[in-house]
Amino acid sequence: MLACVAGARAQTAPEAELKAALVFNFALFTQWPASAFSAPGQPFVLCYADERMAGAFTSLASKTLHGRPVAVRRILPGASTAGCHVGYWHEEPRLPAGAPGATLLVADAEGFARRGGVIEIGVEDARMRFDVNVDNARASGLRVSSKLLRLARKVHGHAED
């Protein structure tokens, strides 16, 4: 499914739905340390900062990720991502204050993956593309699947596997 979404033309579906699907699939292909969850039944928390994404992200709340129910929460732009397993910003040029360890940081901002983010989404030739910074992922205690890295436009840092 990730290949279909990553290669999808931006005009074929609303942009918000495509981006939410990408973020969900990024999480599917990322491993979190056990310490990122305080209890076995704790939900997997997807956070977003852009209210225009509310409908697209809310639709993900009926899904499961890594055997956990998905919870969706809106955060203010630039706010802490404490309690979030994934933090997504639309065109946010900087990392939020207080970004905790095991959070997959995703944004549309150009250069985000080089400035501390893990995944940067962009449009190239009318297609959604993404860059991954594996060093930033590793520093957050996350492990990005080699399957996801093969689909990335660019991989920054030193990939393992």
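Let me start with a rule: a disulfide here is a pair of cysteine sulfur atoms within 2.5 Å. By that rule the count in this predicted model comes to one disulfide. The bond joins Cys 47 to Cys 84, with 2.0 Å from S to S. Cys 47 lies in strand β2 and Cys 84 in the loop between β4 and β5, so the pair ties together parts that are 37 residues apart in sequence. The torsion about the S-S bond of Cys 47 and Cys 84 is about -90°, so this disulfide is left-handed. Both Cys 47 and Cys 84 are buried, where buried means under 20% relative accessible area, exposed over 50% and partly exposed in between, with a 1.4 Å probe and protein chains only.

Some housekeeping, friends. As this is a predicted model, local features need pLDDT of at least 70 and side-chain atom pairs count only at pLDDT 80 or more, while totals for chains, interfaces and linings use all residues. Residues are numbered from 1 along each chain as its sequence is written, and side-chain values use heavy atoms, with hydrogens and water left out.

How confident is the predictor? pLDDT is its confidence in each residue, from 0 to 100. The protein chain averages 85, and 84% of the residues score at least 70. Over residues 3-13 pLDDT stays under 50.

Now to the sheet. Helices (H or I, at least four residues) and strands (E, at least two) are DSSP runs, numbered from the N terminus, and two strands pair if DSSP finds at least two bridges between them. The open sheet has eight strands in the order β3-β4-β2-β5-β6-β7-β8-β10, with mixed pairing. At the edges stand β3 (64-65) and β10 (154-156), each with a single partner strand, so one side of each is left without a neighbour in the sheet. Helix α2 (residues 15-28) packs on the sheet, and β2, β3 and β4 are among the strands it touches.

β7 and β8, however, run antiparallel and are joined by six bridges. Glu 124 has Arg 127 in β8 as its bridge partner. Two residues lie between the strands of this β7 and β8 hairpin, where Asp 125 takes a positive phi near 55°.

Thr 30, in strand β1, counts as buried at 0% relative accessibility. A polar atom of the Thr 30 side chain lies 2.7 Å from the backbone oxygen of Phe 26. Leaving aside neighbours within four places in sequence, Thr 30 is in contact (heavy atoms within 4.5 Å) with residues including His 66 and Leu 104.

Asn 133, in strand β8, is buried with a relative accessible area of 8%. Polar atoms of the Asn 133 side chain lie 2.7 Å from the backbone oxygen of Ala 113 and 3.1 Å from the backbone nitrogen of Asp 135. Not counting residues up to four places away in sequence, Asn 133 touches Ala 113, Arg 114, Gly 117, Val 118 and His 156. Thanks, everyone!

Terms used: Axes fitted to C-alpha atoms, helices over the stretch in contact; angles between N-to-C directions. pLDDT = per-residue confidence, 0-100. Polar contact = N/O pair within 3.5 Å; in protein donor to acceptor, adjacent residues only side chain to side chain.
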